[in-house]
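Biologist: I'd like to learn how to read a model like this one, feature by feature. Could you walk me through it?

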Amino acid sequence: MAIKLLRPEIASDAELLRRFRKEARVLAKVGSPYIANFIDLNEDRGLHYLVLELVVGGSVGGALKRLKKIPERLALAIMGDVCRALAEPHRLGIVHRDLKPDNMMFVRQGIEMESNPVGQIVKLGDFGIAQWTNEAGGRTGLQGTPMFMAPEQVTGAGLGPWTDVRALGATLF
């Protein structure tokens, strides 16, 4: 298990606490073998936390920093797993909004060094700014990572699965 803590100094911010709880609701709804799944949401003496499935292999972002480049075959396998991860949220009308290599976690250590990895490669994490497409008053602006962000996230245009698809394209590039 992994524990995601909401720092006590920001837990008093009602909007941040709402978003933290919303992440738990989103994850509870979208169970998938390609997503770091939700286990529990709790609070103890003012300390709010999410309990999530532990994904042990490190992030794709970390591997990119070390290796500078991911082999094409591995990059395509990663994208395939992320597409599988997004199938259920998109079916439910949920947009991740922060797809990037740092939110893609290898399912086992050292997988980025394997010449021909077989089976599942990554799980998608961090649904902290996910949004339902029918959510009224959803936030726009610079929520997400600008380098991977779709233009509609900045301009306030309607969000949908295409928002994540654009981010996937930027990530693959």
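Modeller: Gladly, and keep in mind that this is a predicted model. Let's begin with helix length: the expected span of a helix is 1.5 Å times one less than its number of residues. Helix α6, residues 161-172, has twelve residues, and its first and last C-alpha atoms lie 17 Å apart, close to the 16 Å expected.

Biologist: Next, burial. Which residues of α6 are buried?

Modeller: Buried means under 20% relative accessible area. In α6 that applies to T163, D164, A167, L168 and T171.

Biologist: Where do the buried residues fall, seen down the axis of α6?

Modeller: They fall within an arc of 140°, so they line one face of the helix. The general idea is that an α-helix has 3.6 residues a turn, so residues three or four places apart point the same way.

Biologist: And what covers the buried residues of α6?

Modeller: The cover includes helices α4 (72-91) and α5 (151-155), along with strands β4 (94-95) and β5 (104-106). Turn to α4 itself, and the buried residues are L74, A75, I78, M79, D81, V82, A85, L86, P89 and H90. Their cover includes α6, as well as α3, β4, β5 and β6.

Biologist: H90 is in that list. How would you read a single residue like this?

Modeller: I'd ask about place, burial and contacts in turn. H90 is found in helix α4 and is buried, with a relative accessible area of 18%. Setting aside neighbours within four places in sequence, H90 is in contact with P161 and D164. The side chains of H90 and D164 make a polar contact of 2.7 Å. D164 is itself one of the buried residues of α6.

Biologist: Let me try K123 that way. Is K123 buried or exposed?

Modeller: K123, in strand β6 (residues 122-124), counts as buried at 11% relative accessibility. Its side chain has a polar contact of 2.7 Å with that of E53. Beyond residues up to four places away in sequence, K123 touches a set of residues including P33, Y34, I35, A36, V55 and N103.

Biologist: How many bridges join the strands?

Modeller: β1 and β3 (residues 47-52) pair over five bridges, and six bridges join β2 to β3. As examples, L6 has H48 in β3 as its bridge partner, while F38 stands opposite L52 in β3.

Biologist: Last topic: backbone angles. Where should I look for positive phi values?

Modeller: Check the hairpins, the loops and the residues that follow helices. In the hairpin of β2 and β3, with two residues between the strands, R45 takes a positive phi near 50°. K68 follows α3, in the loop between α3 (60-67) and α4, and has a positive phi near 75° in a residue other than glycine. G93, which follows α4, has a positive phi near 80°.

Biologist: And R97: what is its phi, and is R97 buried or exposed?

Modeller: R97 has a positive phi of about 75° although it is not a glycine. It lies in the loop between β4 and β5 and is buried, with a relative accessible area of 4%. K68, by contrast, is exposed, with a relative accessible area of 67%.

Biologist: To finish, which residues are buried in α3?

Modeller: V60, G61, G62 and A63 are buried there, and what covers the buried residues of α3 includes α4, β5 and β6.

Notes:
Residues are numbered from 1 along each chain as its sequence is written. This is a predicted model: local features need pLDDT of at least 70, side-chain atom pairs count only at pLDDT 80 or more; totals for chains, interfaces and linings use all residues. Side-chain values use heavy atoms; hydrogens and water are left out. Buried means under 20% relative accessible area, exposed over 50%, partly exposed in between (1.4 Å probe, protein chains only). The arc is that of the directions from the helix axis to the C-beta atoms. Contact means heavy atoms within 4.5 Å. Two strands pair if DSSP finds at least two bridges between them. A polar contact is a pair of N or O atoms within 3.5 Å; within protein, one must be able to donate a hydrogen and the other to accept it, and residues adjacent in sequence count only if both atoms are side-chain atoms.
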